[in-house]
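Hi there,

Here is the structure I promised to pass on.

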Amino acid sequence: MAPQDAYPQSSLLPLVDPRRVVGMHGDPAVPVAPDVRSDVHPDARPGRGPVLYWMHREHRARDNWALLHAHAEAARLGAPLAVVWCLADTFLGATIRQFGFLLRGMAETERHLAAAGIPLVVLRGNPPEEAVRYARAVGASLVVTDFDVLRVKRAWLASAARGLAGFCPLHEVDGRNVVPCRVASPKREYAARTLRPKIHRLLAEFLVPLPVLPPAPPVRWTLPVPEVDWAALRDGLAVDRAVGEVGPLPGIPAVEPGEDAAHAALGDFVRTRLHRYHLRNDPNAGGVSGLSPYLHFGMLSAQRAALAAQARGDAPGECRDSFLEELIVRRELADNFCLHAQDYDAITCFPDWARATLDKHRHDARPALYDEGQLAAARTADPLWNAAQTEMVVTGRMHGYLRMYWAKQILLWSPTPEDAVRVAVALNDRYFLDGRDSNGYTGIAWSMGGVHDRPWGARPVQGTIRSMTYNGARTKFDVNAYIRRMQALRGGEGEQGTLF
Ligand SMILES: Cc1cc2nc3c(=O)[nH]c(=O)nc-3n(C[C@H](O)[C@H](O)[C@H](O)COP(=O)(O)OP(=O)(O)OC[C@H]3O[C@@H](n4cnc5c(N)ncnc54)[C@H](O)[C@@H]3O)c2cc1C
């Protein structure tokens, strides 16, 4: 494992704040209220068998609160510890681009876990069913798992809680958010300005140095652990391979998967670019971190990234504060939104004013109409949009400013707002390395449906949803330079449109 001592740390702190942990009873719809914690530890039954950490969102051995909690519980119970991970045959339409990134990262995490004396048990099939089957087969005394807000993951948790009811307890640990999502707020927040003070009030309690994983669990694992052939797993996957894994590209920094690459990328960002974060809205300036694929796959802890940025006393305070605002407040607002609005990818999640304005303009003439195929192929009359779409298809990424512009134009070019959301979610999740993330669903809902935003001046089609225009973009950055860079990725000028 890459050295951890580059970062502040302490092993004297209590391992895991109990407010991160929710003990699930038979009925997962009723999580233990954050102030009723007494059951979290006592319900693990001593001596009944191993502690398992079923990993499915936070794919890392380092800086992982769920793993630390499982480790501490194993020590308390005098039980062995293993990590269980299940490879599903499909996951929300993910292609080999996303599966490949995840599997390569997991191969490395297996090595880091092994170095800490913790086996990784890899299962195949339906994750909650397989995790429960395994837990029952080895007589687990406790299963610990990741907090996740996506519908499919809430269903996994419900299924696992049902499967383990009466057998062993199931603890859900929020290792994604610096301030645990349910602790920050018990309800859907209206906007960043309503969540921000709640998070800031709790930050001193949660943005603490991360403990180091102890060198080995106290009791050795003796059950058989089948060896994993990661390359064979990847090659054997029956997933869509039309969207390929992203290799090295001319002039674009590579995004290698895995915890070590994530830490290297974090180190590089805080050392060489954090001081330029005030240029974050310029897609040509290289001011942003590029960390979202690592954060999305849980290969990097946001808390680690926040501590690293905080420790950079030589970076301008304005840059550090804005980075922490995106990394903590905006990112945690996304989990808050998706947890409380489970229709996060439908227009029903938009606020009333946004639905009303979109309805009022439902029959407005569109400047152009494009179907999903034309959009995917970057064949519109807007050269900036085509360039952004090219960046997405070729690199699996897109600059944050352009993601907003990209989604807002799709709203203008679709027959209905419902079509617009469907197509944006489909493209977002098909091509982005960081797709299928609460940040993505929230970003689309913000761009197209005014979620966390307010009404602006009325315009055709989008009504009072905030607009972003080509001419507006030209006042912010060198649009032509960006278009030229993306054309180079395509190997030439290609078919770039001219505006309507
Ligand atoms: C239409 C649209 C679609 C998006 N799709 C995704 C997606 O699929 N996956 C995804 O992770 N993000 C998505 N975002 C949010 C955001 O644009 C990206 O997280 C960000 O651009 C990633 O680049 P970065 O890591 O260099 O960000 P930085 O600016 O360096 O920020 C650091 C981290 O903060 C978080 N962050 C930054 N901006 C936001 C934001 N607006 N909302 C929530 N968290 C944020 C991210 O985790 C990011 O990695 C989307 C935004 C929009 C408007």
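The notes below go through helix pairs, single helices and a few individual residues.

First, the ground rules. This is a predicted model, in which local features need pLDDT of at least 70 and side-chain atom pairs count only at pLDDT 80 or more, while totals for chains, interfaces and linings use all residues. Residues are numbered from 1 along each chain as its sequence is written. Helices (H or I, at least four residues) and strands (E, at least two) are DSSP runs, numbered from the N terminus.

**Two helix pairs**

Two packed helices are described by the angle between their axes and the distance between the axes. Axes here are lines fitted to C-alpha atoms, for helices over the stretch in contact, and angles run from 0 to 180 degrees between N-to-C directions.

Take α15 (residues 400-412) and α17 (residues 438-449) to begin with: their axes lie 8 Å apart, at an angle of about 55°. The two are therefore oblique to each other; angles under 35 degrees count as roughly parallel, over 145 as roughly antiparallel, 65 to 115 as roughly perpendicular and the rest as oblique. On the α15 side, Arg-403, Met-404, Ala-407, Lys-408 and Leu-411 make the contact, and they meet Gly-443, Ile-444, Ser-447 and Met-448 of α17. Contact means that C-beta atoms, placed from the backbone, lie within 7 Å. By class, this α15–α17 contact has five nonpolar, two polar and two charged residues; Ala, Val, Leu, Ile, Met, Phe, Trp, Tyr, Cys and Pro count as nonpolar, Asp, Glu, Lys and Arg as charged, and the others, Gly among them, as polar.

The other pair is α14 and α19 (residues 479-489), whose axes cross at roughly 40° and come within 9 Å. That makes α14 oblique to α19, and their crossing is left-handed. From α14 the contact draws on Pro-383, Leu-384, Ala-387, Thr-390, Glu-391 and Val-394, and from α19 on Val-479, Tyr-482, Ile-483, Met-486 and Leu-489. Nine of the residues in the α14–α19 contact are nonpolar, one is polar and one is charged.

Buried means 20 or more other C-beta atoms within 10 Å of the residue's own, exposed means 12 or fewer, and partly exposed is in between, with C-beta atoms placed from the backbone. After α2 comes Gly-117, with a positive phi near 75°.

In α3 (residues 127-137), the buried residues are Pro-127, Pro-128, Glu-130, Ala-131, Val-132 and Ala-135. They pack against β2, β3, β4, β5 (142-146) and α4 (151-164). Just after α3, Gly-139 has a positive phi of about 65°.

Seven of the nine residues of α10 (residues 302-310) are buried, so α10 is largely enclosed by the rest of the structure. Among the elements covering those buried residues are α8, α9 and α11 (317-340).

**Individual residues**

Val-51 sits in strand β2 (residues 51-54) and counts as buried, with 28 C-beta neighbours inside 10 Å. Val-143 is 92 residues away from Val-51 in sequence, yet their C-alpha atoms are 6.0 Å apart.

Ala-378, in the loop between α13 (372-376) and α14 (383-395), is not a glycine but has a positive phi near 55°. Ala-378 is buried, with 24 other C-beta atoms within 10 Å. Arg-436 also has a positive phi, about 60°, and lies in the loop between α16 (417-431) and α17. Arg-436 has 19 C-beta neighbours inside 10 Å and counts as partly exposed.

Ala-238 is in the loop between α7 and α8 and counts as exposed, with 7 C-beta neighbours inside 10 Å.

Best wishes

Methods: Two residues are in contact if their C-beta atoms, placed from the backbone, lie within 7 Å. A crossing is left-handed if the near helix is turned anticlockwise from the far one by less than a right angle, and right-handed if clockwise.
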